[in-house]
2 protein chains.
Amino acid sequence: MSIKEQVMKMKAVSPKMAALTTEQRNKALECMMAALEANKEEILAANKVDMDKATADNIASAVLKRLKFDEHKLQDVIAGIKELIKLPDPLNKKLMARELDENLKLYRVSCPIGVIGVIFEARPDALVQISSLCLKSGNCAILKGGSETFNTNKALFNVIYKSIVEAGVPEGSFMLAESRSEISELLQCNGYVDLLIPRGSNQFVQYIMNNTKIPVMGHADGICHIYVDKYADVDKAVKIIIDAKTQYVAVCNAVETLLVHKDIAGKLMPKLNEAFKEKSVTLKGTKDIQNIVDCEEANDEDFATEYLDLIISAKTVNDIDEAINHINKYGSHHTDSIVTENDEATEHFMQLVDSAGVYCNCSTRFADGFRYGFGAEVGVSTVKLHARGPVGLDGLVTYKYRLYGDGHIVADYAEGRKQFHFKDIN
Amino acid sequence: MSIKEQVMKMKAVSPKMAALTTEQRNKALECMMAALEANKEEILAANKVDMDKATADNIASAVLKRLKFDEHKLQDVIAGIKELIKLPDPLNKKLMARELDENLKLYRVSCPIGVIGVIFEARPDALVQISSLCLKSGNCAILKGGSETFNTNKALFNVIYKSIVEAGVPEGSFMLAESRSEISELLQCNGYVDLLIPRGSNQFVQYIMNNTKIPVMGHADGICHIYVDKYADVDKAVKIIIDAKTQYVAVCNAVETLLVHKDIAGKLMPKLNEAFKEKSVTLKGTKDIQNIVDCEEANDEDFATEYLDLIISAKTVNDIDEAINHINKYGSHHTDSIVTENDEATEHFMQLVDSAGVYCNCSTRFADGFRYGFGAEVGVSTVKLHARGPVGLDGLVTYKYRLYGDGHIVADYAEGRKQFHFKDIN
């Protein structure tokens, strides 16, 4: 069967998947946990094949670390599923209940999105997380992982799929896409796939966004800013900037550009540059910055660059509005932070910066589903519709309107024989 | 200035538009009302020019009726703005409030989407409604109306724009696109336009959806179904079907296909066919239907057709699941209704039919923002993300996360020095 045929079949199965009860979905998650534990030898052996190949291919050690799926990571994903089972069911929540007229009741009820295609980086734990999130939220899923973990993905998927089908999840509700060529087939499946969630490099996500008619949730760039206001506490600023730049450098919520109020630059920059040197951060500054500290020169291109590295660009601004305009123009609407002790400046910044996350006196690295207390994260969205920022379980649901009547017709209302009374009910 | 230049300027203005207070936006709506009243001579005169041209062009009288903008319609739109002012502000609502740790507080707060492009049919009242909805929700808007009402649109827009700018709405936050060629320019403005809402014919909306990277909210088809279950009350069914087909025939929520349980077809169809004849509805049925009543033959193509006319297709089904599968396959996920006295059948249908509206014992014609009590409607969405079904004011907002800290950094949590405590707050 072609990908399209499989996806069409999955679409037909999706209402049955959506109709599983809370108990059925949680039971399937329990079976998934047990199966992972029971089949760990097979899974770890498959990962050894991937790891051996990666080592032979001379893959960088940082990447190898992500590819590795050992006993420790297995226990982590199992613990993750355990937590997920405890989370409240995102489905069948009454989001609105209204009596339109006598015996005519309208409910807005949460339901799964349907069929979700997730294309994720070479991290075997991601496969387990995504499968369990989709199952918990009643969605069917097409999973495509990185080719570097081909064998691990296959072993994990087989174990998971078998266990949940045995637990009563409809056949065909999950599938693994194995080859890269299947991505382009998947991108053509509009009308059958309801949502695509691509994770990975900037260019890759941009490619997906530009080559499909299926709605895409995610983010390409993560150009995050910190603005150090005139009224900032300099020590706080240094601490926050160092964390946001160096705590984990290769992630979308790391800071890439620093905007410094001209009145505080002289006090901040020397201290900050010391801290940068200690952490091996390369500073690239505009002329104004170079006048204060010795650093490389930053140009316009720097301000549009997501370094994902120990590099940071910096410029001075004349006032808070210049900072806000810079962020709205060059930023990727991901997460931007102001450091200030002035409440008015805080509110002005938070109101006018058009980003998924607007922060005050804290590191941009907090932009993450786990740190927001969502329990689990699908990804971070910089699109404005549906879900924005870190996306938890509730980003995988939509709603439908249920209207219960007793022979009600519109003509009665249009011709004035009856009138709506709109009462909120339970 | 080209459309793109104007839109880029609008994008830069949009955060200021978003920052207007409830009072400022409501005051601007009041000024809009007053200006429409004060300038009515000019507006009605412009409409006369459009009407004269349409009459000379021999436009159908049903269309003429929509183009006409007289004293009565003016009072209607003014009354609509008055109601809108009374509606609660959709902005700055705390959708979530959580203390992540001491002095680290996260809020999810509703905010405008930003820049919205609305392409609407030739109805001058639509221009006023859309402008007022966008203003109430703090969005900037590019408005493109039908060319048949060119002069009326221009007069209305000038009056509205002048009045709201005088009331403090930022310059450049609204614009009127006048020529059809500007639509294709608009479709290229991804990155600056956050959402497109096209209204109009199936083909037109489909064209928009297929030719832009900007997210689109709306619906192309409206192929709505009524399934008459084995346990239906036949008289109720006839009444509901006649309303759904004939109460207003040229709309997306009119019923196009009838699915009849085989055990009730013999009782239902003769009665129904009598009613159809009385209302001049042409019935097209499958062989099974033709065996019961005299009618034209329906083929597969009929079941994929939105007639928007006094025509209805019909087929018998062996059971409720056949009906559900037919709806999920041929339907447009708009609105579908079951007629039955059996609660189990109702719940089964509502759970498994994958449509924005799933109804029981009532007409599909209820799918409408006014009838849902939303006070105002932007349109009906059959996409699954963001807003589904009739879309009111809250379909024009998104949210941002605001995080307030006091020097908080992620390293403290990653390295175990601090722990999140996740407490819901007010």
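**Close-up views of the two-chain model**

**View 1. A strand pairing that crosses from chain A to chain B.** Strand 13 of chain A and strand 16 (residues 397–408) of chain B run parallel and pair through five bridges. Pairing here means that DSSP finds at least two bridges between two strands. Look for Gly357(A), whose bridge partner in strand 16 of chain B is Tyr401(B). Helices (H or I, at least four residues) and strands (E, at least two) are DSSP runs, numbered from the N terminus. Please keep in mind that this is a predicted model: local features need pLDDT of at least 70, side-chain atom pairs count only at pLDDT 80 or more, and totals for chains, interfaces and linings use all residues. Residues are numbered from 1 along each chain as its sequence is written, while chains are lettered from A and ligands numbered from 1 in the order in which they are written.

**View 2. The contact between the chains.** Chain A brings 60 residues to the contact and chain B brings 59 residues; two residues are in contact if their C-beta atoms, placed from the backbone, lie within 7 Å. Elements of chain A that each supply at least two residues to its side include strand 1 (94–101), helix 10 (234–246) and strand 13 (357–362). Strand 16 of chain A gives the most, with 11 residues. How do the residues on this side of chain A divide? There are 30 nonpolar, 16 polar and 14 charged, where Ala, Val, Leu, Ile, Met, Phe, Trp, Tyr, Cys and Pro count as nonpolar, Asp, Glu, Lys and Arg as charged, and the others, Gly among them, as polar.

**View 3. Strand 6 of chain B, covered on both faces.** Leu195(B) and Ile197(B) on one side of strand 6 (residues 195–198), and Leu196(B) and Pro198(B) on the other, are all buried, meaning that 20 or more other C-beta atoms, placed from the backbone, lie within 10 Å of a residue's own. Strand 3 (residues 115–119) of chain B runs parallel to strand 6 of chain B, joined by four bridges. Ile116(B) has Leu195(B) as its bridge partner.

Definitions and conventions: Buried ≥ 20, exposed ≤ 12 C-beta atoms within 10 Å, placed from the backbone.
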